[in-house]
Amino acid sequence: MTTVRQRRVGKGTEAAEDQPSEEKDAKPDGKILSDHTGGKLWNILSVTVGGIVAVSLGLLTSVYVATLHENDLWFSNIKEVEREISFRTECGLYYSYYKQMIQAASIQQGLHGLVYDNKTESVRTINILERMNVYQEVFLSILYRILPIQQYLEPVYFYIYTLFGLQAVYVIALYVTSWLLSGTWLSGLLAACWYITNRIDTTRVEFTIPLRENWALPFFAVQIAAITYLLRTHLQPVQERLTLTAVFIATFLFSLTWQFNQFMMLIQALALFILDCFDMLPTAKVMWLYIIQISGLLLVCVLQFFNSMILGSLLISFNASVLIARTIQKNLKKGNLLNRLGKLILHVLLVLCLTLLINKFIKKMLNLESDEHIFKFLKAKFGFGATRDFDANLYLCEEAFGLLPLNTFSRLSDTLLFYIYIFVLFLMTVAAVIVAFRNLSGSKQVQFMEKMEECTVTLKPDAAYNLIHTVLFGCLALSTMRMKYLWTSHMCVFASFGLCSTEVWKLVLKCIHLYTSQRTHVIKYSIPIITVLYISYKFWPGIMDELSELREFYDPDTVELMNWIKSNTPNTAVFAGSMQLLAGVKLCTGRTLTNHPHYEDKNLRERTKQIYQIYAKRSPEDVYRILRSFGTDYVILEDSICYERRHSRGCRLRDLLDIANGHIMDGLGENEPDLEPSLFPRFCEEIKKNLPSYTIHFTRVFQNKTFHVYKLAKHK
């Protein structure tokens, strides 16, 4: 714990008060023992009650989101095909591998089918366990097969109940983190209440159940709780070893369940790096955390058959660079202010250069290009030049990858969360700046602090870590809306910790000359209790109304399409179309796909761009040649894409294809000067006219209000 405080000036009266009379001090040994025993019993009772409250809130959250899911879809009453269609886009793709493992003749055959898969990408055999993070589906399917529950629980319920159960783990982890930071389980109670009442902005598990983040974020929350405990002072060696083990297990499970793990842990590593540079964390523990991150990721790499995206990750390069740099610069934390600032700048430059060199070397040696689309997207997003790259624009035009909408803050403010978060963040940031300056100056003197009359600034290592964590993930959320769930859940923890923290209220009261120990304790407990009561009073009726609102799944056009495919096409048929729809085709029908939504592969991205020429201005001969090169038997055209109105001009899928192909976009508006009119009309519109140049290659075999399915002719 790093503390900067005002030097105490002795006064006669205070000295007298500090020296109690012998009569007051003279307590019988029995009385001292009784007080000690009473305090111990009170602590045990408090921990027991706090633990019961944590588990209860976790279970209630699970039941809450499960009930919302049931009420929204009437999941228990709809047909199996409707249940599967409800797993939209990539969710359906991931669930299809669980279903495939369940339906396999044996576990060995199921695993063989995943390792040598030829139905996810036509005319290619790929290793699903290498390409995708689906070990959780494998584990659950094996568990379902070996447990005696088949007669009582359908596979789909075993799957979704597991995900809803993980929400209990998530809430308990948030609760424990807040409790560890503040020292009172009342803080955890407030964090859990905020998580539930801000559900729209803290989780989307009830309508995107199989999404990778819903598996990963509970383990990430457990990891943060373990790191928070690890950074406490005066841990016993056994406690430290057990906590490091817990951090490793949580890090490994988080890495195993989400393909974006490396980017989240890179931000976490940056937080550790910043704090270590300013001497706000124990260096030995920081080094252990770097090693744990690398070890966890490399273990996942082995399990994923040496996945190239992991080997070429910036996280491994960065952590290795920090460890090398710390070995070279052993006297980084010695010297005066200017000396240390110079060393620090040199250290940062050394780590940055080493990271780029190591990463470039690894990618060059292994010829890795798996994540290049992410860097193209980031380059375009932050204004480093316009791009016509189809993949980058596909991300840029999606709302989920845009800036965080302002109405998010109004929703968070309704529960008082955002206001309190900003208040705590401001105080903690000021404390961090003061402590960092003192650490860099290397001075034990407190003349600087004498200007802050009777103020005490305290910043424990665990609080310092959570401060930088929330700042960095806040920046990520502000820049990319999809990542807000990493921030908003931690926002609940951080705000509740600040509201229940003795150090925060002590600092505030001392700065306004109102500090007393009793007043601090009254505020520390009364304000959180009032906040919980306010949240309960304001939002309980709304939660009850939400739980009583009943709706039903309704998508007759997609159901009709899936039933037609199962009844009228051979099991070996290959389907082309949008990647979102094809994920559902694989899950509901088991047919072979040309492309799918798991976009972390360069060949697949090129393939998807080619398949999407069905929505571009291309000749029927070109489209037919492209589709047949991927073994396509049927192509599905969607009116919602062909005549899209959801996005503005320039962001519709057909516009992105026109720009990438060098063609002028449809509709009124400006075009870049070097774009030219296409020689051909838009394929998805023209094919519906049944002109001879189209019917020679494509025959319509199915049609409803949303979908048009065409069978490709097999010319010799």
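I started at Thr120, where a polar contact of 2.9 Å joins its side chain to that of Tyr97. My rule for a polar contact is a pair of N or O atoms within 3.5 Å; within protein, one must be able to donate a hydrogen and the other to accept it, and residues adjacent in sequence count only if both atoms are side-chain atoms. I keep in mind that this is a predicted model, where local features need pLDDT of at least 70, side-chain atom pairs count only at pLDDT 80 or more, and totals for chains, interfaces and linings use all residues. Residues are numbered from 1 along each chain as its sequence is written, and side-chain values use heavy atoms, with hydrogens and water left out.

**Entry 1: Thr120**

I found a polar contact of 2.8 Å between the side chains of Thr120 and Asp117. Thr120 sits in the loop between α6 (107-115) and α7 (128-131). Helices here are DSSP runs (H or I, at least four residues), strands are E runs of at least two, and both are numbered from the N terminus. Is Thr120 buried or exposed? Thr120 counts as buried because its relative accessibility is 0%. The cut-offs are under 20% relative accessible area for buried, over 50% for exposed, and partly exposed in between (1.4 Å probe, protein chains only). I then listed its contacts, meaning heavy atoms within 4.5 Å. Leaving aside neighbours within four places in sequence, Thr120 touches Leu93, Tyr97, Ile126, Ile128, Met132, Lys586, Leu593 and His596.

**Entry 2: domain 1 against domain 3**

I looked up the domains next. The assignment gives domain 1 (87-145), domain 2 (163-539) and domain 3 (556-712); such bounds come from an automatic or database domain assignment. The centres of domain 1 and domain 3, taken over C-alpha atoms, are 26 Å apart. I see 20 residues of domain 1 in contact with 22 residues of domain 3.

How much area do domain 1 and domain 3 bury between them? The figure is about 1,800 Å², with 55% of it on carbon and sulfur atoms. In domain 1, Lys119, Ser122 and Arg131 lose the most area to domain 3, together 32% of what that side buries. Buried area is the accessible area (1.4 Å probe) that two parts lose on being put together, summed over both.

I counted 2 salt bridges between domain 1 and domain 3. A salt bridge needs a side-chain nitrogen of Lys or Arg within 4 Å of a carboxyl oxygen of Asp or Glu. I also noted a salt bridge between the side chains of Asp601 and Arg131, at 3.9 Å, N to O. Helix α5 (residues 89-103) supplies the largest share of the domain 1 side that touches domain 3, 10 residues.

**Entry 3: Gln304**

I turned to Gln304, in the loop between α15 (283-303) and α16 (308-311). Gln304 is buried because its relative accessible area is 2%. Not counting residues up to four places away in sequence, Gln304 touches Leu129, Glu130, Arg131, Met132, Asn133, Tyr135 and Ile310.

Helix α33 (residues 653-661) is mostly covered, with 7 of its 9 residues buried. Those buried residues are Leu653, Arg654, Asp655, Leu656, Leu657, Asp658 and Ile659. Among the elements covering them I noted α20 (390-396), α30 (602-611) and α32 (639-642). Gly662 follows α33, and its phi is positive, near 80 degrees.

Which residue forms a salt bridge with Arg654? I found Asp666, with the closest N and O atoms 3.8 Å apart. The pair links distant parts of the chain, 12 residues apart: Asp666 is in the loop between α33 and α34 (683-686), Arg654 in helix α33. Asp666 is partly exposed at 25% relative accessible area, whereas Arg654 is buried at 9%. Salt bridges that share partners join Lys617, Arg654, Asp658, Asp666 and Arg682 into one network.

**Entry 4: His647**

I ended at His647, in the loop between α32 and α33. His647 counts as buried because its relative accessibility is 14%. Its side chain makes a polar contact of 2.4 Å with the side chain of Glu644. Not counting residues up to four places away in sequence, His647 touches Cys397, Glu398 and Arg652.
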